[in-house]
Amino acid sequence: MKLLVFPHSHYYEKARWVLDHKNIVYDPIAIMPGLHMITVRRYGKRTSVPVLLDGNDAIQGSSEIIDYLEDKFPDNKLTPTGAEQLEACQALEKDMDKRLGENIRQILYARLLNYPDYIRFCFTYPMSGLKKGLFTFMYPVLKRKIHDTYVVSDEKVAKAQVEFDEALADIEKIISKQSYLLGDTFTRADTSVASMLSLLVLPKEHPFPWAEKEIPDAQIKALHDSYAKHPVAEWVRNIYCNHR
Ligand SMILES: N[C@@H](CCC(=O)N[C@@H](CS)C(=O)NCC(=O)O)C(=O)O
C-alpha cells in the first residue's frame, strides 16, 4: 500500500493516524508540489493529496481513505455504527476539515511562505538533495501558486482567523462536557479534529519532525503561544498522548 503525500499536511496526518491505529504497513511517498498534479491526476478527479494506492484501487481524500480502511480492515474501528452517531461523526469531520483545516492552512501560509527554507523543509524533508534543489529552483513559481490558491489576500486571511476561532469555540463547547467529540468513545471525529489542529499545537507525538526546525516567523510563533493554553489545545495534546 502506498500513500502519496505532502509530508507536513494535516490531511495526510488524518489519514496516516488511521493507518497507524490499525497497524497497517504502508509506504508514504512524498511528492513534489507542482509536479504532483501530473501524478495525482492519474488516480483521482482532483489534484489533492493524500491519495492511497492499494493494488488497483486509488482512493483520494482523507475521509474517503478512512472509509476505505474501515471497510477493508474492520479491526480497531473508529467509525460509529449507530445511524445517529454516524451522521454526527460525518458532519463534524466534514465541517472541521473545512473550518479548522482550511483556515489554519491559510493563516499559516500567509506568513510562512516568506521563508523558503522552512517551506522546503515542510515539503521535502524526506527527499534527496537533488529534489530539495529542484524545490528551491521552483519555489518562486510554487510560492505564487500556493499564495493564490490558499492565501489570496489579507482580508481573506483575517476572515479565516475569525472562522477558525468560531470553529475552535464550537469544539471547546463539546469537549467541556465530555472526553471525546461524540461522547465516551474515541472515534475518527477525534483523530480528524486533532489532526486539523496539529499544525497549531504541534504535539510531540506527531510523526513530522517539527522540532528539527524553529518556526522562522515571530507572528506565527506568537500565534502558537497564544493558543498553547487554550482548552482545545490541551485536549489535542491529551488525545495525541493517549491515542497517537
Ligand atoms: N479534502 C481533502 C483536502 C486535501 C488537501 O487540501 N490537500 C492539499 C494539501 S494540504 C493538496 O493536496 N493541495 C494541492 C492540490 O490540491 O493540488 C482531503 O481531506 O484529503
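In this predicted model, Lys-14, Asp-67, Glu-93, Asp-97 and Arg-188 are joined in a network of salt bridges. A search of the whole structure finds 18 salt bridges, and 3 salt bridges are found across the interface of domain 1 and domain 2.

The two domains span residues 2-72 for domain 1 and 83-243 for domain 2, and their C-alpha centres lie 18 Å apart. To the contact between them, domain 1 gives 23 residues and domain 2 gives 34 residues. Together the domains bury about 2300 Å², and 69% of this area is on carbon and sulfur atoms. On the side of domain 1, His-8, His-10 and Trp-17 supply 33% of the area buried against domain 2, which is more than any other three residues.

Polar interactions also cross this interface, where 12 residue pairs, with both residues at pLDDT 80 or more, are in polar contact between domain 1 and domain 2. The elements that give two or more residues to the side of domain 1 touching domain 2 are helix 1 (10-21) and helix 3 (62-72), and helix 1 provides the largest share, with 8 residues. By residue class, this side of domain 1 comprises 12 nonpolar, 6 polar and 5 charged residues.

Because Lys-22 lies in the loop between helix 1 and strand 2 (27-30) and Glu-70 lies in helix 3, the pair ties together parts that are 48 residues apart in sequence. Here Lys-22 is buried, with a relative accessible area of 9%, and Glu-70 is buried as well, at 3% relative accessibility.

The salt bridge between Asp-95 and Arg-99, with the closest N and O atoms 2.8 Å apart, is placed within a single helix: these residues are 4 residues apart in helix 4 (residues 83-112), and so are separated by about one helical turn. Asp-95 counts as partly exposed, at 29% relative accessibility.

Notes
Residues are numbered from 1 along each chain as its sequence is written. This is a predicted model: local features need pLDDT of at least 70, side-chain atom pairs count only at pLDDT 80 or more; totals for chains, interfaces and linings use all residues. Side-chain values use heavy atoms; hydrogens and water are left out. Domain bounds come from an automatic or database domain assignment. Contact means heavy atoms within 4.5 Å. Buried area is the accessible area (1.4 Å probe) that two parts lose on being put together, summed over both. A salt bridge is a side-chain nitrogen of Lys or Arg within 4 Å of a carboxyl oxygen of Asp or Glu. A polar contact is a pair of N or O atoms within 3.5 Å; within protein, one must be able to donate a hydrogen and the other to accept it, and residues adjacent in sequence count only if both atoms are side-chain atoms. Ala, Val, Leu, Ile, Met, Phe, Trp, Tyr, Cys and Pro count as nonpolar, Asp, Glu, Lys and Arg as charged, and the others, Gly among them, as polar. Buried means under 20% relative accessible area, exposed over 50%, partly exposed in between (1.4 Å probe, protein chains only).
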